[in-house]
Each structure stands twice: as structure tokens, then as C-alpha cells.
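Reader: I've got a model open and I'd like to learn how to read it. Can you walk me through a contact surface and then a helix?

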Amino acid sequence: MKTTELLVIGGGPAGLCAALSAAESGASVTVVERNNRLGGQLIKQTHMFFGSREQYASTRGIDIAKILEAELIKYSRQIEVLTDTAVLGLYEDGVVNALYKEEDYFKIKPKAIVAATGAYEKSLAFPNNDLPGIYGAGAVQTLMNVYGVKPGNNVLMVGAGNIGLIVSYQLMQAGVRVAAILDAAPKIGGYLVHASKIARMGVPILCSHTVKEAIGKDCLEKAVICMVDERFSPIPGTEKELEVDVMCISVGLTPLCELLAMRGCEMKYVPQLSGSVPVRNERYETTIENLFVAGDASGIEEASSAMVEGRLAGLCAAAKMGYKPADFDERFKGYAAQLKALRSGPVGEHILRGIEQIVSKEDRHV
Amino acid sequence: MFEQTGIPERDMIIEKFPPVERIDRGPVAIVECYKRIPCNPCETACRFNAIRVGEDINNIPVTDHEACTGCKVCISKCPGLAIMAVDGSKSKETVEISLPYEFLPLPQKGDQVSALDRAGNFVARVRVVSVLNPKSFDRTPVITIEADRKHMYDIRNIRTEEH
């Protein structure tokens, strides 16, 4: 059986930062990533990041992935990377079950784990929502920006959060027409600077609108949209048909933490964090000792915060194993201050309300 | 309406502009950031301390139009593409407007392009006077067009023939 000190599950922004932070403290780390390359969602994020310098603000996501990978190389004697490897189970005896290239099963026994498993896209229920041409917005972004595949010619974007707005902009950069962006909420959910970028391209953003149904024989041909009232009920008589061959569903993400639930972590459904998330302490350790969490798996937020959470979780996991650097307190406070700054505005209010519900002050593992 | 459409109202726009007297002295940045979000690269990018966000990175940037030299570096660094620049020093009839533009094909100096407003509506045909696209701008080119002064508060985008 393979052994390691720290196992990081997920090679996205949170996982890579956790691995780097733990290695910086002196721990040996194994990063397991199910895709064939590291970077998680960063590898399709051609836009510049928000935040401040510490979180690579103004740098494009695709380049942040390269920066983090270059940092990994600096620690190549301590950090081992296993791509094409999916973790399938975490067990009571501390053994982790993994699958390489969908063929070879193997076991890993780590001393500690950081689960940075990310999130998955939510869907939307309406008649014919399974017609070809209806995608998750994240899937379309992957098709375009990772594989260079144009998803279609005429898009209806459903959801005006940051992902919906950013993917719409990137579709237009790829030469695809965006017919409209709609959102059931009465206000645009994403950053208004992103919305303004779309608006000045002449694309209408329609709040208080939803999809009533999709129409098409073999694939999407038309979308019927309508207005909704303040209780999100369709208003009869407001239906409109749009001729589109692609519909992108961008109605939010949900934390991907089945592995944590399976291992028996205490979970809590927290709407502000967009789903079921593990209860944890301030050091990102779940109710299962030596099992840490970071990034979207602990609540949906921007990638900037995910990276800082990763740094924190990696620092704390290494310390728990005996790799407590002399400047631990300083580093801990520095990362905590970055998170506080990212969450101190109106955008962070609901995140903070969510985190209050999952961070237990009592220390069960001391 | 701004929070429903992403299109700022005219008074919001004018509030971000410096006085015409400043515009007539040379290029100056206009930071159209209207809502608190955690972001401060504009402050980091400015060598002249002309854009201040402050300790809380959620603050709305404040521009010191006197300290601004109109160098346009911030235009390429804003992740929200919220910064533009205007220069009224070249002529009494026209104004030069610099905009971030991340689409291909890039226009060339001397090209005629369509100027659009903040809702994407056509405003006028205008001439491209410069295209800045150095490596340091990291794939956010800055296009400068020459427009009639009466459109100074309207123009915020361009469309090339091909696009």
C-alpha cells in the first residue's frame, strides 16, 4: 500500500495551494487529480482575476494555473502529483481507495488529508431540458477554452451570476452570438462590471425571467422564456420565443463533498454556502481528525478565496503532523486577514453568514 | 435599473468624469467602478498613486485626476474592464477616447470603426488613432479613437466591420 504524509484530493486552486503551503512547512505531499492535468477550473478561465495581489489579481486564471504549477516544481522533492487518478472512497481505518485511468485500483494510507474536491454545476428543471444543445455553462467554457470547440452559433445564457456573465463574454470572444442572458432574480447576481461588459456588446440582460420550455426535434431549436413574479412563479402571457441552438445553464454550483460525507464527517446544509458542507474548526479540520477541507468543497465562493483557504488548510494540516513552522502564527493570521478582506464587502456578507453556521469554536481534536 | 441591466445611468457616468478643464489638459483615466467588490489591481497598477482603494479592498476606487498622467496602464489591468481614458487636449471639436478591447480581429490605426454606447447601440463612425498592445498589457489591448466631443459621455465600446 502506498503511504504519504499529506494527501491532497483535487489539483484545482485550493488543492494546489494546500499542497504548496504544506510543502513550504516541510511536509511530504501527494496530490491526486482525476483529470489528466492540474489546475482544476483555472485551465479554462481566460479572464483576469479580482481580489488583490496576494491572490494573483489581474492575472488570468489560465496563467495562475501555470504560476502554481511552476511553484510545485520548486518543491518537486516533496510534492508528488498523480493525475488521471480519482479518489473513490475514504475509509474508517484511514485508507483511501483510488483509481488510475479507470483501470488500476490502489490504496493510499496518508497521515492527513485535505479534501479540495471543488463543486459541480446545478441544473434547472423545465420541459425538454435534456435536448442536445443544452449545456452547463461550465461545460461550454471547457469545450471552448480547453478543447477549442465551438458549442453552437446562437446562445441563450440562463443565469446572470459571475459564471453566466463571464462565459457569455468568452462566447462572444469566440465569435458566438449571445441572444440574451436571463435570470429569475430581480437583480443581476454577478459583479456589475462584468454585466456592463456584456451590456455594451448589445446583449440584453433580462432579470425576473426564466426558461419555460425548450423546443426542438433532434436538438435545441427554440427556447420559450417568460417573466416571473417576486415569488418566482411564471407570469402568464409574458412568454417569448427565442431561436437559439445552445442554452447554457448557469444557476450556481454545489459543493462536491460526497467523500467527506462517506467518511462520516458531520455535514450541514447551509444555503449561503450553496449546499451540504462539512462542519469544521477554524483550522479547516472537519469533525474527523486529520481530515481537512478547503475551497468550494467547504462552500461556494470565488477561486481567490479558494486559494487562500487551501494555503490555510495546508499550513494547518502540516502543523498537525508536526511540521509547524516558526512563523506559523504570522502565516495563519496573514491568510485569515486575506480572507477577511475578500469577504468584507457586500458580496461576502452571505458567505460569512454561512461560515458562522459550520465553524465550531470548540476544539474536538486537541 | 443599473442592477437589472448593467447599463449605468447618465448621472452615474458623469460623476466619474473629471471636469472638462482637466480633460482639455491631456489624457486622464475614468474608473467606472460603481459597486463594492473585493478588488484593487487598479491601485496596484498606478505608479502615480492616482487611484486609491485603501485598506478595505471592497472600497470603490477614488481617482485623483490631477495626479493621473493618462498613461493607460490601469485600463489593461482592471479585471472588470471598467476603466477608460479621455483626452481633450488635441482639438476643440474632438476628444480621444481610449477603451479596453479584447476581441479579434484588432482594428488598425487609421481604421474606421463603429462607436457604441453602454447599451451597445451605435453612436457614430469614428477613426482609430492608436492601438496599444504591448506584452505588459497581457492581451487586453487599448484602442484609442477620435470622436466628436458631443459623444464624450456616450461612447464606451467599438465594433469593427468584421465583428
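Author: Let's start with the interface: 39 residues of chain B are in contact with 36 residues of chain A, contact meaning heavy atoms within 4.5 Å. This is a predicted model, where local features need pLDDT of at least 70 and side-chain atom pairs count only at pLDDT 80 or more, while totals for chains, interfaces and linings use all residues. Residues are numbered from 1 along each chain as its sequence is written, and side-chain values use heavy atoms, with hydrogens and water left out.

Reader: How many salt bridges are there between chain B and chain A?

Author: A salt bridge is a side-chain nitrogen of Lys or Arg within 4 Å of a carboxyl oxygen of Asp or Glu. Here the count is 4. B:Asp138 forms a salt bridge with A:Arg60, and their closest N and O atoms are 3.7 Å apart.

Reader: Now the helix. Which residues of helix H3 of chain A are buried?

Author: Helices are DSSP runs (H or I, at least four residues), strands too (E, at least two), numbered from the N terminus. Buried means under 20% relative accessible area with a 1.4 Å probe, protein chains only. In H3 (residues 137-145) of chain A, that gives A:Ala137, A:Gly138, A:Val140, A:Gln141 and A:Met144. They cover an arc of only 160° around the axis, so they sit on the same side of H3(A); the arc is taken from the directions from the helix axis to the C-beta atoms.

Reader: What do the buried residues of H3(A) pack against?

Author: Their partners in chain A include strand E9 (154-158) and helix H4 (162-173).

Terms used
Chains are lettered from A and ligands numbered from 1 in the order in which they are written. Buried means under 20% relative accessible area, exposed over 50%, partly exposed in between (1.4 Å probe, protein chains only).
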